[in-house]
There are 4 protein chains.
Amino acid sequence: MKPVAQKRRQRDQSQRQLLEATIAAIYKHGVHDATVVKIGEIAGLSTGNIHYHFGSKEEMFAAAMRLLMSGISDELVLELSKADSPLERARAVLRANLSDELFTHRNCFVWLQFWSETARSEELARLERINSQRFHRNLLDALSRLMPREHAERATQELVALVDGLWIRRAQSEGRITPEAARQIADHYLDRRLKTAPSIG
Amino acid sequence: MKPVAQKRRQRDQSQRQLLEATIAAIYKHGVHDATVVKIGEIAGLSTGNIHYHFGSKEEMFAAAMRLLMSGISDELVLELSKADSPLERARAVLRANLSDELFTHRNCFVWLQFWSETARSEELARLERINSQRFHRNLLDALSRLMPREHAERATQELVALVDGLWIRRAQSEGRITPEAARQIADHYLDRRLKTAPSIG
Amino acid sequence: MKPVAQKRRQRDQSQRQLLEATIAAIYKHGVHDATVVKIGEIAGLSTGNIHYHFGSKEEMFAAAMRLLMSGISDELVLELSKADSPLERARAVLRANLSDELFTHRNCFVWLQFWSETARSEELARLERINSQRFHRNLLDALSRLMPREHAERATQELVALVDGLWIRRAQSEGRITPEAARQIADHYLDRRLKTAPSIG
Amino acid sequence: MKPVAQKRRQRDQSQRQLLEATIAAIYKHGVHDATVVKIGEIAGLSTGNIHYHFGSKEEMFAAAMRLLMSGISDELVLELSKADSPLERARAVLRANLSDELFTHRNCFVWLQFWSETARSEELARLERINSQRFHRNLLDALSRLMPREHAERATQELVALVDGLWIRRAQSEGRITPEAARQIADHYLDRRLKTAPSIG
DNA sequence: AATGAATGAGAATTCATTCAT
DNA sequence: AATGAATGAATTCTCATTCAT
């Protein structure tokens, strides 16, 4: 008989597979058409098993959204770890959301699908708020050291909207915008913002 | 009164009611849950009627999206008619998309739902492209007279993304942002853009 | 105002048009898919009108079957009028059902469709029995003068089955059998029957 | 007992039940009114199951027709296995189609329903052709050894039509003809055919 | 853990029929 | 006589979920 640790590992792997498959299915078919059967096929598991692992489709979708969010979080932590000035930190926050790894057609598309599902699931709405607020908070923290509070708040709002808009654009179709171009837009925006805002102290 | 004319009016009214009901249902339940039965209830018409008038649910959704787009178009025409300088025209384009009438929670929410449906319906995707391109073109026309071509193109991209991001934000929940605040963000952005770009002539 | 006779003529024409359209629709789509709307389109009349004229779809189908039957009947009368011996009469009955005008793909196909509808409509079943019995009776009358009663009865049964089978064959697809070939089969069968049966008198 | 084997048996049994129920429903109501719900009720299974097992109603109908055809095929093989001369073989082919087990009101009625559905389903039409050709070929093989080729071909055509006509007759209503009578008709026809055709060799 | 057969509520769609004009 | 908008019951099909194995 297998030791407990091995069993757990196997279980975790199944669940991970299921979450990846969920995202893949949403990317392929859209949330609406990402059915339990299709997800199961991609994951190589039966529908019965999905309910064994996640209880319901909605819980699995929430877990998939969390997986996506943890990817964003990891990227953010990575970028922030390399930044050692407020300006660098602000740039790091933007870069994290527009990196080659994260700012993919797939990611942006799937995220847009979750955005729209927010209307049907309070849990997904909650997760969206958490993600949005984390982005907002990190950016505000950095900008607050570069310009007066009020300016920083406005600049944050604008940058958050700008990045969201870039995600929509990227989600729309493969070729509309590249990560490189998106980063440039955000960076230039930040530069102009800093030039025109009164500096601190 | 001619019976033919009366019948036509009756038909047009039913179709209009159905389209309004479609939008209302999407607003209330999300695209996914805006079923033919619910739409029929809101419109006060039977489900059979939907297929009599539009052939299929999908075609009715496309017609509803077109109705939304014609609202945006009307607003744009109205604003542009009042503008008589390139700068005014650029502002008019932005204001049209962020006006009190258009930049409502309802409109932005429903539009986000259509955005996500783009993945499932080629016709909706086509409509989205038309709308996006019209916005892009009008803004670029105006900005091209205020700054060198290349700058104008970048500025357009940025402003389009910014406005899309503001729509997402507005869609998310009633209170996150007001039309007034959104217009300020866009206007300030434009002002800074003009200050930092080399002027024409 | 139109005279009464003219009105009646107009009404009769509409009804005749509708019956022809019914048959055409059944030929084109099969009974199952010959909907009131499709029939109306072929006839150039609205669905409301169909019910004004026939009360219900089923009644219209029965009327269409009667029209088909009257065609067979006319053909039979015509052929019989030219026959002046028992043998000629027997041949006439067969020829009537296998004539170039009647034994068409269209006729046989539509008749097969009515045959199957017999299961759902007592009225159609009744009509089918009338038609079948008329065929049977006329053939038996003729054959009874050519061979002993018992032989005649058997021969009639056989010939009726043979002709029905030929109709099925013709209904199946355009090319399986020609009227000419069908008539030869029936005639040869009759000849052999007469040769091997004891003659009367 | 292996669970896998058990599941397969369970599945096969359900599918078989569904096919029997399809035939029973067609016999009871006609193809047109043999709805998924009614079939499910007869089979004692839910409607969802029909689509789980067969994908669509049409595919299930095709499978039911194949089941009917395999019954005919079995009967034919059985009869042929007992025949050891060309004449015996010809008789066997006829007897197979007119046996007490096969030539039932139920079978003939259901087959007539499938015949008429041939117009709506290319697959059913294909199956009908296969069945018809098998009958034709087997009969022709036997007759070719009893009379010259050309005679054999005509005799085959005639016998096929005769048997089809007998099926129609049997389908029409319970009492019109018995298997015994049908076999006599076919046998006598064959006898007369052999008498009047030039023999081989 | 895993399977997959079975369920049943709910989805879009079709269509004969009605009815106001 | 004729139209065609409106209805609503019925139909096929989908899909998350359950459950025996």
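The following conversation goes through how some features of this predicted model get their names.

User: Before we start, what should I know about the model and its numbering?

Analyst: This is a predicted model, where local features need pLDDT of at least 70, side-chain atom pairs count only at pLDDT 80 or more, and totals for chains, interfaces and linings use all residues. Residues are numbered from 1 along each chain as its sequence is written, chains are lettered from A and ligands numbered from 1 in the order in which they are written, and side-chain values use heavy atoms, with hydrogens and water left out.

User: What rotation superposes chain D on chain C?

Analyst: A rotation of 179°, with 0.1 Å of shift along its axis, does it, and the RMSD is 0.2 Å. Here too the same surface serves both copies, as 95% of the contact residues of chain D recur in chain C.

User: Let's turn to the rings. How many aromatic pairs are there, and why is the pair of W111(B) and W167(B) given its name?

Analyst: There are 14 aromatic pairs over all chains. Rings of Phe, Tyr and Trp (its six-membered ring) pair if their centres lie within 6.5 Å; planes under 30 degrees apart count as stacked, over 60 as edge-to-face and the rest as tilted. The ring centres of W111(B) and W167(B) are 6.4 Å apart and their planes stand at 75°, so this pair is edge-to-face. It links distant parts of the chain, with W111(B) in helix 6 (residues 105–117) of chain B and W167(B) in helix 8 (residues 149–172) of chain B, 56 residues apart. Helices are DSSP runs (H or I, at least four residues), numbered from the N terminus.

User: Are W111(B) and W167(B) buried or exposed?

Analyst: Buried means under 20% relative accessible area, exposed over 50%, and partly exposed in between (1.4 Å probe, protein chains only). W111(B) has a relative accessible area of 4%, so W111(B) is buried. W167(B), at 6% relative accessibility, counts as buried.

User: What is the pair W111(D) and W167(D) called, and why?

Analyst: Their ring centres are 6.4 Å apart with the planes at 75°, so this pair is edge-to-face. W111(D) sits in helix 6 (residues 105–117) of chain D and W167(D) in helix 8 (residues 149–172) of chain D. Both W111(D) and W167(D) are buried. In chain A, ring pairs link F103(A), W111(A) and W167(A) into a cluster.

User: Now charges. What makes E20(A) and R16(A) a salt bridge?

Analyst: A salt bridge is a side-chain nitrogen of Lys or Arg within 4 Å of a carboxyl oxygen of Asp or Glu. For E20(A) and R16(A) the distance is 3.0 Å, N to O. Both lie in helix 1 (residues 4–29) of chain A, four residues apart, about one turn of the helix. A search of the whole structure finds 58 salt bridges over all chains.

User: How do you know how accessible E20(A) and R16(A) are?

Analyst: E20(A) has a relative accessible area of 33%, so E20(A) is partly exposed. R16(A), at 45%, also counts as partly exposed.

User: Which residue does R183(C) bridge to, and how accessible are the two?

Analyst: R183(C) forms a salt bridge with E180(C), the closest N and O atoms being 3.4 Å apart. Both lie in helix 9 (residues 179–196) of chain C, three residues apart. R183(C) counts as buried at 17% relative accessibility, whereas E180(C) counts as partly exposed at 45%.

User: What about E158(D) and R193(D)?

Analyst: Their closest N and O atoms are 2.8 Å apart, in a salt bridge. The pair links distant parts of the chain, 35 residues apart. E158(D) and R193(D) are both buried.

Methods:
Helix = DSSP H or I, 4+ residues; strand = E, 2+ residues; numbered from the N terminus. Least-squares fit on C-alpha atoms with pLDDT ≥ 70 in both. Contact = heavy atoms within 4.5 Å.
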